[in-house]
Amino acid sequence: MSSFLQLLVSGLATGAIYALVAVGFSLLWQTSQTINFAQGEFVMIPAFFVLVAIKVLGLSFPIAALIGIAVAALVLGVLFKRVIVDPMLKHGVLPLVVSTIALSLFMREAVKDFYSSQAQPFPSLVADHDITIFGTVFSAQSLALLVVALVVVGALHGFLQHTRLGRMMQATAQNPTVARILGIEVERMILYTFLINSILCAIASILISPIYLAKFTNGETLGLAAFVAAIIGGFNQARGAMVGGVLLGILDNLCAAYVSAQYRAAVPLLLLVVIILFRPQGLMGRVEERTV
Amino acid sequence: MKRVHPLALIGGVIVAAFLLSAPMFLKSYGIYLLALWAVTTIAALGLNLTLGYAGQISLAQGAFVGLGAYTTALMTGAGVPYFVAFLASGVLTFAIGWCLGYPALRVQHHFLAFVTLAFSTLLFLLMRNEQWLTNGIYGINDIRRPTVFGISTNKNTEFYYFALSMLVAFAFIKWWMIRSPWGRAFIALRENPLRAASLGVNVRRYTLMAFAIGSAFAGFAGALYAPLVQFIEPNSFQLTYSLKLLLMVLVGGAGYFLGPFMGALIDLLLPEWLRFTQGYYLLIYSALVVTLMAFCPTGVLGIVERIREARISRAASAARAAQAPSATSSN
Amino acid sequence: MTTSTHFARKSALRRRLLGGMLLASLIGLPAMSASAQEIFIPNIVELSGAGAVSGTNWRDGIILAVEEINAKGGILGKKLNVPHLDTQSDASVARAQVQKVMDDKPYVILGPVFSGSVLVTMALAQQNEIPEFVGGEASAITQRGNKFVFRTAFGQQFSMPKIANYIRDGLKAQTVAVLWVNNDFGKGGRDNFVKEMASRNIKVVADISTESGQVDFAADVVKLKAANADAVFVYTNEEESARFLKEARKQSLKGSLIGETTLLSQKVIELAGDAANGVKGHVGLTSDAPIPALNAFGEKFKKRFNYANDHNGIKGYIAVYAIKHATEKLGKFDSKALADAMHGLTITPEQEPGILMNSTWDANGDIDRASFLGEVVGGKQKVVEVLPKLGK
């Protein structure tokens with residue numbers, strides 16, 4: 001029983017990170033039909049912004065972390081939208097898909113060539129010690145990660161549901177044409193989603209890097225996990241992505257322990273296929289209507 | 001239908017002459033690279049069919065190449081004649097492509113991309129974990145090269161000619177398919193699926209067909225890849241390879257017949273051209289792709305076409321300007 | 001109208017002609033012909049993709065050696081020309097790269113590190129009778145009768161028996177669990193390890209595959225706890241080893257944790273912190289060994305490249321010095337003669353300081369040298385016993 005609990009908590013912590021990344025991913029899809037294949041790298045790279053701020057500028061960790069988030073918002077939010085997404089939107093989904101694939105390659109290579117190919121230790125928000133509750137051991141780091149991730153996701157959910165701005169953004173996501181008629185500044189709302197996505201990625205980056213270590217390959221599995229989580233949960237619902245992420249994290253751990261370690265990577269993918277076949281709108285999603 | 005331009009024909013003849021005579025002035029590396037180009041191009045041709053003509057994103061083209069390569073390697077290893085294995089590779093990938101696409105396309109348009117993404121990783125896990133069949137992570141070594149019409153292809157030159165003739169054959173098949181009423185249905189599909197449906201094209205069947213045939217091209221490419229490299233391992237056919245093929249098609253120009261030829265060429269030669277940049281070629285390549293997509297999403301051939309159109313219109317307006325006064329004066 | 005199409009036609013033709021010629025010149029161009037003053041030793045290695053970390057280490061070890069040798073006038077008065085070519089961690093590219101350098105008559109080839117790529121390229125090396133110094137550790141490499149392939153580290157068929165003896169004699173373990181990373185490095189080690197356990201009648205009670213890049217080892221440790229083995233053999237890369245050690249300590253896993261080279265490396269200790277204490281095992285090549293030459297190498301490497309090397313860095317470095325020594329002994333540049341001379345050759349640090357440790361290459365191209373049994377105590381690797389060379 002205690003081992004089951006152990007797996008559950010561990011999976012929950014991983015799942016919370018997937019959820020953070022998946023929410024941003026599906027927000028981008030909703031508002032601008034952007035399938036971001038570089039999403040994993042968006043999580044990998046802010047840790048290096050922070051490291052540069054610490055090592056090159058000699059700043060303390062909390063300030064460096066804030067700067068990392070700000071740089072991420074600027075580069076992965078504003079610049080990404082203006083320079084890469086905007087010019088390509090009119091050409092449809094495909095060129096943008098290819099462009100983000102190339103972008104992910106670019107970011108990975110840039111970190112490898114200009115920073116280091118080695119995994120880098122990364123400062124942690126909390127001291128690394130273990131806490132025992134009901135015979136189950138939790139590491140303070142993963143507990144902190146879990147708490148911060150859940151708070152962020154919860155706050156975002158509240159923002160989207162209960163504030164005027166949040167609802168305007170949702171309206172934009174669901175039907176830009178109608179939103180425009182209602183007088184919503186659609187362009188600005190889209191820019192906000194890009195900002196939110198980049199900030200979510202930067203937070204995820206700062207949360208995981210003490211545990212995962214900062215390394216140029218970190219995005220590979222994360223990006224894919226976010227992608228799968230978003231589809232499982234429901235591509236057109238931020239809520240869905242959260243559920244999908246958490247589910248994926250827990251499932252991965254339980255499968256590795258009780259089904260097959262060699263095929264642990266297969267389970268989320270099989271789930272993905274099953275969802276697509278039997279509930280294509282995702283666990284929490286709405287049916288998307290086809291437009292001409 | 002446009003007639004083939006006589007001067008385009010001459011250009012074609014020059015390229016053909018170059019490809020045929022290449023082994024006379026290239027060293028073995030150049031020949032190997034050209035053979036690899038021919039094989040890669042066949043896979044890219046298939047993807048171009050799925051992508052450029054039926055408008056479906058497949059993220060499993062590399063996995064299908066792997067499936068074909070393993071089928072051929074295992075069958076020839078068990079003593080089956082090469083050409084039987086070659087055909088089996090194509091048939092198997094066609095069938096699996098069909099089975100994969102059928103449910104995905106039943107639900108929603110862009111879901112094929114997700115299903116192929118999952119398939120790509122699942123196939124990798126199978127190749128790696130089922131050691132009794134595939135020799136697992138160690139891969140399969142010493143794959144024999146076939147004897148074609150009594151000629152052994154053990155030397156790179158002979159294999160190159162074999163791969164080249166296969167490329168010509170598959171290019172011809174594709175060219176014929178696109179020109180057939182069938183191919184026009186594909187194009188109608190890409191341009192406007194709803195209208196195509198209203199005109200009586202069975203959208204799902206045609207899309208599925210395009211995907212399955214595209215996958216079969218990959219299977220055949222795999223059947224050539226295995227004896228070319230003479231070693232296959234699961235790692236070679238991971239998602240990255242599928243993404244690379246996708247990049248190739250888009251860089252060359254999706255939907256252009258010559259796009260995959262160009263894309264595969266750029267992908268194989270770019271590291272060569274950018275040698276002077278030391279280790280930075282991937283960085284530069286990816287930056288170039290991002291730029292290309294931003295300015296010309298129709299790829300390199302799209303640029304060529306754009307330049308040509310600009311020249312024609314400039315020439316036309318120049319001609320008009322020249323003609324206008326002379327016309328009045330002659331009258 | 002006619003003028004315009006004619007215009008377009010002519011330029012189209014010109015473009016195609018130009019394209020054709022460009023293509024011919026670009027493929028046909030000899031890439032890097034060796035001048036008479038230089039000796040051409042290309043390095044073909046994983047610089048991008050899954051093998052990038054090992055490959056970069058290997059390359060930097062080579063760079064260090066080449067800089068040192070060239071600064072002192074090269075080998076037999078000729079400078080070394082060592083270009084680094086990327087295999088992209090892919091066997092087909094590795095083969096293409098080796099094919100390419102073969103056209104320019106290399107003296108020796110260095111790399112690759114991935115065993116799959118080694119297996120493909122060594123056949124070409126044999127055909128062309130060019131020696132190849134590889135980083136791969138899979139046992140198959142030296143079991144194919146290829147007279148042109150040379151290792152720079154123990155093959156797994158040599159390192160695993162050493163671990164197995166230690167588990168039987170040192171720990172007196174009855175049951176053992178093995179946790180390995182599912183790539184060609186981990187799987188090869190695991191297969192050899194399981195074989196050695198079977199021949200010593202030690203029962204393998206858990207056999208756990210992990211993914212490269214895996215971050216969460218909770219499930220794996222839960223399984224290990226259930227298996228309750230006397231010893232756990234851990235065979236994964238550095239970062240994964242560190243993450244595993246942390247999780248093992250968190251869940252207070254019982255049984256000795258045993259590793260081979262990586263688990264006891266400075267990098268793992270640095271990343272895992274306290275959790276690495278008490279880890280035991282066999283160490284092949286390490287800059288932490290109680291050998292001043294190896295420590296000095298580690299410092300030199302760190303100073304030059306600003307990061308700590310792993311065993312691949314030492315492998316690359318040693319490869320170049322082995323070539324230097326054997327060539328100077330021959331007194332000429334003759335690839336085939338070099339391959340012959342390498343078999344059965346012993347190089348000592350007295351003869352050639354760059355070899356770092358007394359090393360012997362046997363008739364199969366396998367390397368033999370001393371190694372260590374170690375333990376991590378108080379955040380430092382401590383050598384408990386020096387294991388002599390096998391051939392003594």
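Q: Why is R168(C) called partly exposed rather than buried or exposed?
A: In this predicted model, R168(C) has a relative accessible area of 38%; because buried means under 20% and exposed over 50%, R168(C) counts as partly exposed.

Q: What makes D169(C) and R168(C) a salt bridge?
A: The closest N and O atoms of D169(C) and R168(C) are 2.9 Å apart, and since the criterion asks for a Lys or Arg side-chain nitrogen within 4 Å of an Asp or Glu carboxyl oxygen, the pair qualifies. D169(C) is itself partly exposed, with a relative accessible area of 42%.

Q: Why do E187(A) and K81(A) receive the labels they do for accessibility?
A: K81(A) has a relative accessible area of 2% and is therefore buried, the cut-off for that label being under 20%. E187(A), at 49% relative accessibility, counts as partly exposed, because exposed requires over 50%.

Q: What makes the pairing of E67(C) with R304(C) a link between separate parts of chain C?
A: E67(C) forms a salt bridge with R304(C), the closest N and O atoms being 2.7 Å apart. E67(C) lies in helix α2 (residues 52–71) of chain C and R304(C) in helix α10 (residues 292–305) of chain C, so the parts tied together are 237 residues apart in sequence. E67(C) is partly exposed at 36%, and R304(C) is partly exposed at 39%.

Q: Why is A22(A) called buried, and which residues is A22(A) in contact with beyond its neighbours within four places in sequence?
A: A22(A), which lies in helix α1 (residues 2–32) of chain A, has a relative accessible area of 0% and is therefore buried, given a cut-off of under 20%. Beyond those neighbours, A22(A) is in contact with A226(A), A229(A), A230(A) and A241(A).

Q: How many salt bridges and how many residue pairs in polar contact are counted between domain 1 of chain C and domain 2 of chain C?
A: The count is zero salt bridges, whereas three residue pairs are in polar contact, both residues being at pLDDT 80 or more.

Note on methods. Residues are numbered from 1 along each chain as its sequence is written. Chains are lettered from A and ligands numbered from 1 in the order in which they are written. This is a predicted model: local features need pLDDT of at least 70, side-chain atom pairs count only at pLDDT 80 or more; totals for chains, interfaces and linings use all residues. Side-chain values use heavy atoms; hydrogens and water are left out. Helices (H or I, at least four residues) and strands (E, at least two) are DSSP runs, numbered from the N terminus. Buried means under 20% relative accessible area, exposed over 50%, partly exposed in between (1.4 Å probe, protein chains only). Contact means heavy atoms within 4.5 Å. A polar contact is a pair of N or O atoms within 3.5 Å; within protein, one must be able to donate a hydrogen and the other to accept it, and residues adjacent in sequence count only if both atoms are side-chain atoms.
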